[in-house]
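Subject: Structure for your review

Dear colleague,

Please find below the structure that I am handing over to you. The findings follow directly after it.

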Amino acid sequence: MRDCEIARFAPMSPLQQAKLWLMDLAGLPRDALHIYVGLFVFLAAAALTKRPLGSRLPILSVLLVALAGELWDVIDTWNAGVRVRWWWNWHDVWNTLFWPGVLFLLARYTRVLRR
């Protein structure tokens, strides 16, 4: 379910409000927001843990954040009494994981991101 559809049916959760605020602030569509969040979480997890990009921890952090966000979206959708559209949720997870996944694979299996 898209954020604007949830807003039509029920009060928005803090997550939905935060996503709309970020979209307005950055001037980004929701798909782009997922891409930026995925990259931010991936790079932040690597930097904060001082692990290389080819380590499993950064990519697993992105996966955890993406799944948690989509679970929250599904709960908000159910609470709004609207049918869950699983394809949209999968699409969001895919958008969040794609570029961090590419960087992870490049760092792990090639010399592209090595010093």
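The protein chain contains 5 helices and 0 strands, where helices (H or I, at least four residues) and strands (E, at least two) are DSSP runs numbered from the N terminus. Read from the N terminus, its elements run α-α-α-α-α. This is a predicted model, in which local features need pLDDT of at least 70 and side-chain atom pairs count only at pLDDT 80 or more, while totals for chains, interfaces and linings use all residues. Residues are numbered from 1 along each chain as its sequence is written, and side-chain values use heavy atoms, with hydrogens and water left out.

Overall dimensions and surface

The C-alpha trace of the protein chain spans about 50 × 25 × 20 Å along its principal axes. Of its 115 residues, 38% count as buried; buried means under 20% relative accessible area, exposed over 50%, and partly exposed in between (1.4 Å probe, protein chains only). The accessible surface of the chain comes to about 7,400 Å², and 69% of this belongs to carbon and sulfur atoms; the areas come from the Shrake-Rupley method with a 1.4 Å probe, and for residues only the protein chains shown count as cover. Among contacts between residues at least 6 apart in sequence, 61% join residues at least 24 apart, a contact being heavy atoms within 4.5 Å.

The nonpolar core

The largest nonpolar core has 5 residues, namely Val41, Phe42, Ile59, Val62 and Phe104. Such a core is a set of buried Ala, Val, Leu, Ile, Met, Phe, Trp, Tyr and Cys residues joined through side-chain atoms within 4.5 Å. Helix H3 (30–49) and helix H4 (56–79) are the elements that give two or more residues to this core. Not counting residues up to four places away in sequence, Phe42 touches Leu53, Pro58, Ile59, Val62, Pro100, Leu103 and Phe104.

Helix H4

H4 has 24 residues and reaches 34 Å from its first C-alpha to its last, close to the 34 Å expected at 1.5 Å a residue; the expected span is 1.5 Å times one less than the number of residues. The N-terminal end of H4 is capped by Ser55, a side-chain oxygen of which lies 3.4 Å from the backbone nitrogen of Leu57. After H4 comes Gly81, whose phi is positive, near 75 degrees. The buried residues of H4 include Pro58, Ser61, Ala66, Glu70 and Asp73.

Ser61 deserves a separate note. A polar atom of its side chain lies 2.8 Å from the backbone oxygen of Leu57. Leaving aside neighbours within four places in sequence, Ser61 is in contact with Val41 and Ala45.

Aromatic residues

A search of the whole structure finds 4 aromatic pairs. Rings of Phe, Tyr and Trp (its six-membered ring) pair if their centres lie within 6.5 Å; planes under 30 degrees apart count as stacked, over 60 as edge-to-face and the rest as tilted. The rings of Trp90 and Trp94 have centres 6.5 Å apart and planes at 40 degrees, so this pair is tilted. Trp90 and Trp94 are separated by about one helical turn because they lie 4 residues apart in helix H5 (residues 86–109). Trp90 is partly exposed, with a relative accessible area of 48%, and Trp94 is also partly exposed, at 45%.

Phe98 and Trp99 form an edge-to-face pair, 4.8 Å centre to centre with 85 degrees between the planes. Phe98 is partly exposed at 33% relative accessibility, as is Trp99 at 44%. Ring pairs link Trp90, Trp94, Phe98 and Trp99 into a cluster.

Asn89 lies in helix H5 and counts as buried at 7% relative accessibility. Leaving aside neighbours within four places in sequence, Asn89 is in contact with Glu70, Asp73, Val74 and Val84.

Asn95 also has its place in H5 and is buried, at 12% relative accessibility. Its side chain makes a polar contact with the side chain of Asp31 (3.2 Å); a polar contact is a pair of N or O atoms within 3.5 Å, where within protein one must be able to donate a hydrogen and the other to accept it, and residues adjacent in sequence count only if both atoms are side-chain atoms. Beyond four places in sequence, Asn95 touches Asp31, His34 and Ile35.

With kind regards
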